[in-house]
Amino acid sequence: MGEKQTHQFKTEVQQLLRLIINSLYSNKEIFVRELISNASDAIDKARFKEQTEPDLFSDDTDFQIRLAVDPEKKTFTITDNGIGMTLDEVNDNIGTIAKSGTAAFMEALEKSKKETTLTPELIGQFGVGFYSAFIVADKICLETRAAGADKGVRWESDGQGTYSIEEIDKTERGTTITLYLKEPEEDDQDFTDEYTIQHIVKKHSDFVTYPVIMNLEKSEPLPENEIIKDKDGKPIGDTFKKVRKDETLNSMKAIWAQPKDEVTEQEHEEFYKHISHNWDKPLAVIHNKFEGVTEYDVLMYIPSKAPFDLFRPERKHGMQLYCKRVFIMDDCKELLPDYLGFVQGVVDAPDLNLNVSREILQEDRLVRNIRKNLVKRVFSTLEEMDPEKYEEFYNEFGQALKAGIPTDFTNKERIAALLRYKTTKSEGKYVTLDQYIGNMKEDQKDIYYITGENLNSLMNSPLLESLKAKDYEVLLMVDPIDEWVTQSLTEYKDKKLKSAEKGDLDVEKVDDDKKNEYSALLSFLKGKLESHVKDVVVSNRLKDSVSCLSGDDWGMSAYMEKILKASGQ
Ligand code: ADP
Ligand code: MG
């Protein structure tokens with residue numbers, strides 16, 4: 001057996017732990033959810049592996065999560081018979097967190113400067129996960145044995161910078177985590193109280209797909225022959241006895257498989273929180289049973305708040321894939337395009353092969369078909385939203401949607417119809433491209449836009465003078481991503497999208513006389529500005545100003561150049 005070794009936590013883990021331990025923390029009970037969710041993940045992995053290597057699990061296939069408390073020893077224990085971990089895995093997964101999420105988490109906290117309030121929203125979003133146990137524990141002992149391994153591992157830490165790790169004998173596969181609870185502070189819940197734990201599990205982990213079992217003390221009526229009675233037959237003494245019984249605390253409902261009208265709003269809200277780890281309410285629920293050549297259940301939620309890391313490439317997708325209620329994978333990028341990765345939900349497709357790998361999924365015709373239908377459903381949901389609600393969505397996820405324009409050729413037009421812009425005439429309100437077209441002047445051929453950093457400076461840009469003079473409306477584009485939108489959305493419903501700052505706007509032709517009249521001046525200016533500009537021309541663009549800088553038709557906009565410079569290109 002190996003020696004007991006002591007290791008130092010990586011710097012970022014130490015930082016994180018210090019933060020967790022020293023934070024004012026209002027929602028301590030969340031550690032229960034985090035540990036149950038890890039146990040459930042571990043069982044998911046076990047069941048998945050069981051498909052191909054059943055022998056590894058044949059000793060124990062009654063998958064479950066058990067909780068136990070000990071008020072005397074002040075401990076809380078959680079046990080699962082999931083996949084377990086090898087020594088290396090414990091070191092990799094628990095001893096160090098190289099997870100990008102954590103770095104992002106620290107970064108966001110630094111930025112927000114609210115280092116003393118670690119909200120449940122943050123914990124959920126960043127998956128502080130396992131470490132949340134240090135909110136309530138001053139020592140944690142984790143014992144685990146991986147499926148197929150003959151030795152187990154014990155990991156212990158007080159969260160103060162180091163942890164110890166050693167090999168142990170362990171007969172059962174899976175993981176047991178024991179928390180040695182801190183002295184409770186005022187108004188703290190008692191996490192060694194069975195009733196309290198029961199309540200917390202129901203609240204945060206009701207939809208976990210495996211039974212969360214606890215051996216609870218219950219009162220049971222005494223059998224008739226054990227009740228002591230007086231001579232009139234009246235019971236004297238107890239008619240109930242205390243017994244201990246295993247109870248499943250969670251309902252384990254697969255609500256996606258239930259008929260649509262039998263799922264309550266409350267259930268949706270809770271299930272949404274369960275799968276997304278978010279704390280907002282879903283803005284829209286999409287619940288469908290697709291029937292046809294193949295059948296499958298779909299439950300999708302459009303969140304009401306964008307996560308802080310919406311645009312981080314390492315961010316996980318929100319879709320989970322199930323087959324006959326058996327979890328196959330989360331972060332299922334094959335079910336929706338990247339730009340819709342914020343949608344949270346479940347697809348349960350009974351006809352899928354359970355042994356699918358991600359590589360196979362991409363090629364799978366059924367999956368491609370499902371994806372097409374999911375995208376359609378998301379779009380129709382957005383299209384049918386009432387305008388106010390849609391605006392709420394657009395303010396949070398508009399930028400994500402825009403990323404679909406250059407990347408999803410098939411749906412470009414449909415996404416374009418969902419875009420909203422403020423314009424030179426809309427007085428701060430959003431306008432759709434269709435509304436814009438409806439408002440076009442009789443002699444106006446094209447859709448005009450201008451990109452830049454803020455609405456105010458765009459409104460007052462000298463580049464718009466001639467368009468304003470013609471009373472043409474101009475879309476004001478202030479998202480950096482609009483640059484990519486305009487590069488690939490060159491047309492909408494047969495109208496060209498034209499930059500108000502590039503090239504000759506073609507609103508009025510400059511006649512040759514005028515060009516000749518100024519030719520001497522132009523060549524003088526061109527000579528002077530040679531190293532700075534490509535050309536100097538006479539333009540109709542300006543009405544009040546003397547001159548302005550503009551791009552040529554095919555060049556970059558000024559704002560785009562600025563973005564690229566800022567990103568070091
Ligand atoms: P996350 O669950 O988001 O990955 P956590 O901090 O909650 O982050 O857990 C870190 C990692 O530790 C998990 O990804 C998993 O590899 C491992 N782990 C935690 N708990 C268990 C468990 N009960 N069984 C097996 N592995 C576990
Ligand atoms: Mg976790």
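Select lysine 422 and tyrosine 430: the charged end of the lysine sits over the tyrosine ring, 5.1 Å from its centre. A charge counts as over a ring if NZ of Lys or CZ of Arg is within 6 Å of the ring centre and within 35 degrees of the ring normal. Now pick lysine 139, which lies over the face of tyrosine 180 at 4.6 Å from the ring centre.

Before going on, note that this is a predicted model, in which local features need pLDDT of at least 70, side-chain atom pairs count only at pLDDT 80 or more, and totals for chains, interfaces and linings use all residues. Residues are numbered from 1 along each chain as its sequence is written, and side-chain values use heavy atoms, leaving out hydrogens and water.

**The sheet**

Switch to a cartoon view and find the open sheet of 9 strands, ordered β1-β6-β5-β4-β7-β3-β2-β8-β9 with mixed pairing. Strands (E, at least two residues) and helices (H or I, at least four) are DSSP runs numbered from the N terminus, and two strands pair if DSSP finds at least two bridges between them. Which strands stand at the edges? They are β1 (5-8) and β9 (240-248), each with a single partner strand, so one side of each has no neighbour in the sheet.

Next, colour β3 (residues 75-80) and β7 (residues 174-181), which pair in the antiparallel sense over 6 bridges. Aspartate 80 has threonine 175 in β7 as its bridge partner.

**Aromatic rings**

The whole structure holds 20 aromatic pairs. Rings of Phe, Tyr and Trp (its six-membered ring) pair if their centres lie within 6.5 Å; planes under 30 degrees apart count as stacked, over 60 as edge-to-face and the rest as tilted. Zoom in on phenylalanine 9 and tryptophan 155, a tilted pair with 6.4 Å centre to centre and 55° between the planes. Phenylalanine 9 is in the loop between β1 and α1 (11-22), while tryptophan 155 is in strand β5 (residues 152-157), 146 residues apart.

Are these two buried or exposed? Phenylalanine 9 is buried, with a relative accessible area of 2%, and tryptophan 155 is buried too, at 0%. Buried means under 20% relative accessible area, exposed over 50%, and partly exposed in between (1.4 Å probe, protein chains only).

For a last stop, select Phe207, Trp256, Phe271, Tyr272, Tyr301 and Tyr322, a cluster linked by ring pairs.

Key
Chains lettered and ligands numbered in written order.
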